[in-house]
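Thanks for coming. I will go through helix contacts, a charged pair and the pockets. Please look at the model first.

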Amino acid sequence: MRSVCLAPNRAFIQFKTVTSKGKLTHCEAHVSKVSKTTILERRSLVVKSAVQERALAETEEEVTDVVPRDEHGCLSYFPSMYNLESLIQELSVGGFSKKMLIYAPGGVADQMLLFPLLKLLNNRIPSAAIDIMCGERAHSAYDICPYVCNTYVYNVDGSTLSSDYAEMLGTMKGEYYDKIITAKPAGFGVSTFLWMACSNTSGYLSTDGVPTNYIASKMMASSVQAPADDPLTLGSSAYDELVKLVASELPAGAVEDDEQVQVGVPEGAQDWAVQALAAAGLKAGEYILAHGVPSSSQAAMTMSRFPSSASASVQCFASIAKAASLPVVFAVPREEDSKAVTDSIPNATILVVPNPSKLAAMVALSSGVVAANTAALPLASYMGKPVVGVFDTAENAALFSYPGVSCVCESEVAATVAALPKGASIM
């Protein structure tokens with residue numbers, strides 16, 4: 001027995017059908033206010049519409065989820081990256097977003113050695129939020145890094161009070177990171193501290209020979225032996241092994257990993273650089289930038305583990321000014337440092353450049369860069385500028401190998417600068 005009820009305009013019709021071998025044997029109906037023919041026509045339209053919708057659903061193409069997921073439907077970029085907050089965020093952004101933290105030692109210039117790792121993470125997981133935990137002055141390096149969302153300032157390098165450790169731990173746990181990567185070699189203490197913030201940690205493992213390092217390796221989801229007790233003493237190759245470790249864990253990205261590292265110059269710094277050059281009677285692409293005059297300022301942006309090559313002598317810069325085919329603009333970290341330059345080079349053009357944003361703006365507008373072992377070398381390399389690096393010894397020069405950078409001793413710098421090609425501004 002089947003009953004079909006339609007009631008248009010408060011009308012009522014009821015069909016009672018009993019089928020025997022597919023034949024209709026009995027039918028009775030009661031119609032009020034609307035004719036039986038009208039009701040049947042409307043019923044025919046309803047049935048036809050239902051049939052069309054079913055046919056359309058059967059012909060729809062099956063949507064394939066191209067995002068790597070495990071048997072539970074969770075994203076599998078890294079193992080065990082599940083918590084309620086991440087699930088909520090995943091649903092709100094289409095299933096791609098992840099939050100990662102880089103635990104980064106070193107000063108301003110040292111942070112720029114991490115830019116290739118940050119570029120790799122951005123290429124492989126473009127919508128991932130990447131944060132940095134670093135020292136007080138070092139955080140300014142990320143004002144020009146387009147891959148980083150937030151920076152948290154704590155004493156990563158030195159000793160820390162227990163109250164500061166509690167605050168650091170609270171900050172990390174409050175952000176619900178899916179992955180923490182430590183660029184600082186982790187022993188038992190560091191690995192335990194990071195594990196309490198996130199059970200999915202990776203990075204360098206300490207090589208100081210302490211037996212508890214074995215426990216540290218088991219607490220980390222993945223690790224690799226640090227190439228040295230302090231990787232920053234290895235120069236530009238400090239984080240090569242860390243990049244390989246992270247690359248092995250990530251899915252292939254849409255962008256090639258060998259793509260050039262990007263540097264973002266803030267608009268305010270760009271305007272400052274243009275105005276400063278105009279005041280000196282110069283234009284973009286018409287000067288060579290010199291960086292690394294002797295200074296005791298922390299704003300000098302030098303490689304922290306190489307104090308002997310942090311600056312070049314004023315006499316060296318004087319020979320650079322004579323050999324250069326274009327005017328040389330000297331960037332100093334503070335006004336007091338300009339006196340030593342003007343004493344040896346009376347008509348020198350000097351600008352006070354106290355932070356990475358302004359330094360990046362000056363590098364971008366220059367034709368080339370000549371610098372001691374400072375942040376200007378990796379910056380100019382990332383921007384594709386012709387660069388000459390001035391070092392105190394050939395051994396230190398050999399440790400720093402940036403694309404497009406010629407690292408030489410002071411005795412060879414004048415001839416190398418004379419051969420610099422005239423470049424154009426990229427801004």
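Predicted model: local features only at pLDDT ≥ 70, side-chain atom pairs only at ≥ 80, totals over all residues.

Helix α5 (residues 162-175) and helix α6 (residues 188-197) have axes that come within 8 Å and cross at roughly 40°. Helices here are DSSP runs of H or I with at least four residues, strands are runs of E with at least two, and both are numbered from the N terminus. The axes are lines fitted to C-alpha atoms, for helices over the stretch in contact, with angles from 0 to 180 degrees between N-to-C directions.

Residues are numbered from 1 along each chain as its sequence is written, and side-chain values use heavy atoms, without hydrogens and water.

Which residues meet here? From α5 they are Tyr165, Met168, Leu169, Met172 and Lys173, and from α6 they are Phe193, Leu194, Met196 and Ala197, where contact means heavy atoms within 4.5 Å. Eight of these residues are nonpolar, none is polar and one is charged. Ala, Val, Leu, Ile, Met, Phe, Trp, Tyr, Cys and Pro count as nonpolar, Asp, Glu, Lys and Arg as charged, and the others, Gly among them, as polar.

Next, α4 and α8: their axes come within 10 Å and cross at roughly 10°, which makes α4 roughly parallel to α8. Leu117, Leu120, Leu121 and Arg124 of α4 touch Leu242, Val243, Val246 and Ala247 of α8. By class, that contact has seven nonpolar residues, no polar ones and one charged.

Now the charges. The whole structure holds seven salt bridges, each a side-chain nitrogen of Lys or Arg within 4 Å of a carboxyl oxygen of Asp or Glu. One of them joins Asp157 and Arg305, at 3.7 Å from N to O. Asp157 is in the loop between β7 (150-153) and α5, and Arg305 in the loop between β11 (288-291) and α10 (314-323), so the pair ties together parts 148 residues apart in sequence.

Last, the largest pocket. α4 gives the most to its lining, with four residues. The lining has eleven nonpolar, four polar and five charged residues.

Note on methods
Parallel < 35°, antiparallel > 145°, perpendicular 65-115°, else oblique.
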